[in-house]
Amino acid sequence: ALKADKIFENRERHDTYVSIIESESKRLKAQLEKVLQLSSLTNRKKNLVWQTVDMHGLLRTASKAQQIRLEELEGDLEIHLDAANPFVSGDPVHLSNIVYNLLDNAIKYTEQTPHIKVRTRNFKNAILIDIEDNGIGINRRQQRLIFDKFYRVSTGDIHNVKGFGLGLYYVQTMLQAQKGKINVKS
């Protein structure tokens with residue numbers, strides 16, 4: 001986006017992109033460190049930094065960071081933060097990586113214009129976060145496997161999505177370490 005000649009005509013937009021790039025660079029560095037730690041985790045609760053985390057703030061930040069990609073694809077992201085209590089106890093870096101991973105997958109695995117909806121609500125003493133997309137879907141047999149280490153849903157001879165099959169494994173591992181759960185519905 002910064003390479004486009006027109007970007008310099010709108011200083012505010014330029015500054016927004018630079019700000020997103022800076023925050024993404026910091027987030028990716030932290031994510032790399034945490035993923036490297038993941039490979040050495042024997043005790044899943046080891047190395048977690050417990051803090052009170054505002055999940056609404058985290059979701060807003062992650063959603064904003066995806067806006068450039070969504071604009072390029074002419075997609076959109078709707079966000080409905082309805083949880084009265086958005087605070088959880090957990091590791092803010094891991095929770096951030098989890099949300100970024102799920103939003104990234106929602107965009108990556110959509111063959112058409114991506115339309116993503118993020119919703120929150122409280123249930124008992126928890127916050128439920130739903131991320132809905134119009135992606136390609138996953139059959140019932142593969143749904144049981146997508147959280148396995150190195151598992152990738154087969155797309156035949158089409159290799160347009162890069163990855164190692166670690167993203168959802170990481171998501172589930174880190175959620176379990178923080179007493180969270182994840183489910184998939186296609």
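Helices here are DSSP runs of H or I with at least four residues, numbered from the N terminus. The model is predicted.

**View 1. Asn-101 in helix 4.** Asn-101 belongs to helix 4, which covers residues 92–108. With a relative accessibility of 14%, Asn-101 counts as buried, because the cut-off for buried is under 20% relative accessible area. Beyond its neighbours within four places in sequence, Asn-101 makes contact with Gly-167, Leu-168 and Val-171. For one of these residues, Val-171, the C-alpha atom is 7.6 Å from that of Asn-101, although 70 residues separate the two along the chain.

**View 2. Thr-120 in strand 4.** Strand 4 spans residues 115–123 and includes Thr-120. The relative accessible area of Thr-120 is 2%, so this residue is buried. A polar atom of the Thr-120 side chain lies 3.0 Å from the backbone nitrogen of Asp-82. For the backbone nitrogen of Ala-83, the distance to a polar atom of the Thr-120 side chain is 3.1 Å.

**View 3. Surroundings of Thr-120.** Leaving out residues up to four places away in sequence, Thr-120 touches His-56, Leu-59, His-80, Leu-81, Asp-82, Ala-83, Ile-127, Leu-128 and Ile-129. Among these, His-56 and Leu-59 are buried residues of helix 2.

**View 4. Helix 2 and its start.** Helix 2 runs over residues 55–65. At the start of this helix, a side-chain oxygen of Asp-54 comes within 3.0 Å of the backbone nitrogen of His-56. The buried residues in helix 2 are Met-55, His-56, Leu-58, Leu-59, Ala-62, Ser-63 and Ala-65.

Definitions and conventions:
Residues numbered from 1 in each chain as written. Predicted model: local features only at pLDDT ≥ 70, side-chain atom pairs only at ≥ 80, totals over all residues. Heavy atoms only, no water. Buried < 20%, exposed > 50% of the residue type's maximum accessible area, 1.4 Å probe, protein only. Helix = DSSP H or I, 4+ residues; strand = E, 2+ residues; numbered from the N terminus. Polar contact = N/O pair within 3.5 Å; in protein donor to acceptor, adjacent residues only side chain to side chain. Contact = heavy atoms within 4.5 Å.
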